Amino acid sequence: MIQLSANNIHRWSSWVSGSIFSIITAACLAEACSAYPAAGSIYYWAFRSWGGNRVGRFVSYLIAAWTLVAWTAFLASDSFGVANYLVSEIVVFNPETTFPLSTADVKARAITWGLSLGFLALATSLNFLPPRMYAWVFRTGFAVIVIDMLLNFIWLPIGVSQTYGFQSAEFVFTSTYNG
């Protein structure tokens with residue numbers, strides 16, 4: 001049985017906080033883009049909305065700085081989230097493993113950090129592809145999502161019926177067993 005430990009709480013709470021900040025930034029960008037639907041970038045829109053004077057340039061700089069920090073943090077947060085998810089899957093599907101679980105363990109943190117750097121390198125390397133390859137990247141991502149959905153609809157009920165069986169809502173929402 002896997003207990004809800006401080007390590008597990010840290011993993012999902014970092015994902016939740018990263019998601020909240022992503023939503024805030026996306027809402028701000030969407031509001032700015034809908035308010036000024038002319039051609040140009042968000043920096044130009046910020047510059048024009050403040051009158052185009054010195055203050056407009058400073059606000060445009062702040063928008064650019066926030067966007068840089070936000071997108072960099074989101075990419076790092078997503079990479080770290082994927083690495084944490086991968087590590088937790090190892091533990092869930094192989095409970096007898098000697099894999100370190102605690103965030104206080106330097107080995108566990110080093111493995112998660114290394115995995116997140118690998119995912120970060122993969123994500124940033126896609127920016128160096130030639131533009132004609134972007135369509136294939138999006139098609140591949142879409143295909144992976146569709147295959148994942150189909151496997152969940154097909155294999156999940158089969159796997160559940162052949163293992164522990166379908167449970168009642170009381171069991172699902174009040175039980176502490178999640179192994």
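I looked up Ser-79 and found it buried, with a relative accessible area of 5%. The model I am reading is a predicted one. Buried here means under 20% relative accessible area, so Ser-79 at 5% falls in that class.

**Where it sits.** I traced Ser-79 to helix α3, which covers residues 54–93. I checked the length of α3 next: 40 residues. From its first C-alpha to its last, α3 reaches 58 Å. That is close to the 58 Å expected at 1.5 Å a residue.

**What it touches.** Which backbone oxygen lies 2.9 Å from a polar atom of the Ser-79 side chain? I found that of Leu-75. I then set aside the neighbours of Ser-79 within four places in sequence. Contacts with Ser-116, Phe-119 and Leu-120 remained.

**Other buried residues in α3.** I listed these along the helix. Gly-56, Val-59, Ser-60, Thr-67, Ala-70 and Phe-74 are among them. The list also includes Ser-79, Ala-83, Asn-84, Val-87, Ser-88 and Val-91.

**The whole chain.** How many helices and strands does the protein chain have? I counted 6 helices and 0 strands. Read along the sequence, the pattern is α-α-α-α-α-α. Buried residues make up 16% of the 179 residues, and Ser-79 is one of the buried residues. I also looked at contacts between residues at least 6 apart in sequence. Of these, 51% join residues at least 24 apart.

**The surface.** The protein chain exposes about 13,500 Å². Carbon and sulfur atoms supply 72% of that area. I then looked for a nonpolar patch on the surface and found one with about 1,100 Å² of accessible area together. Its members include Phe-142, Ile-145, Val-146, Ile-147, Met-149 and Leu-150. Leu-151, Phe-153, Ile-154, Trp-155 and Ile-158 also belong to the patch.

Ile-154 is in helix α5, residues 134–162. Is Ile-154 buried, exposed or partly exposed? I found Ile-154 partly exposed, with a relative accessible area of 45%. Partly exposed lies between the buried limit of 20% and the exposed limit of 50%, so 45% puts Ile-154 there.

Methods. Residues are numbered from 1 along each chain as its sequence is written. This is a predicted model: local features need pLDDT of at least 70, side-chain atom pairs count only at pLDDT 80 or more; totals for chains, interfaces and linings use all residues. Side-chain values use heavy atoms; hydrogens and water are left out. Helices (H or I, at least four residues) and strands (E, at least two) are DSSP runs, numbered from the N terminus. Buried means under 20% relative accessible area, exposed over 50%, partly exposed in between (1.4 Å probe, protein chains only). A polar contact is a pair of N or O atoms within 3.5 Å; within protein, one must be able to donate a hydrogen and the other to accept it, and residues adjacent in sequence count only if both atoms are side-chain atoms. Contact means heavy atoms within 4.5 Å. Accessible areas come from the Shrake-Rupley method with a 1.4 Å probe; for residues, only the protein chains shown count as cover. Patches are made of residues with over 30% relative accessible area and no salt bridge: like charges are joined within 9 Å, nonpolar side chains (Val, Leu, Ile, Met, Phe, Trp, Tyr) within 5 Å. A salt bridge is a side-chain nitrogen of Lys or Arg within 4 Å of a carboxyl oxygen of Asp or Glu. The expected span of a helix is 1.5 Å times one less than its number of residues.
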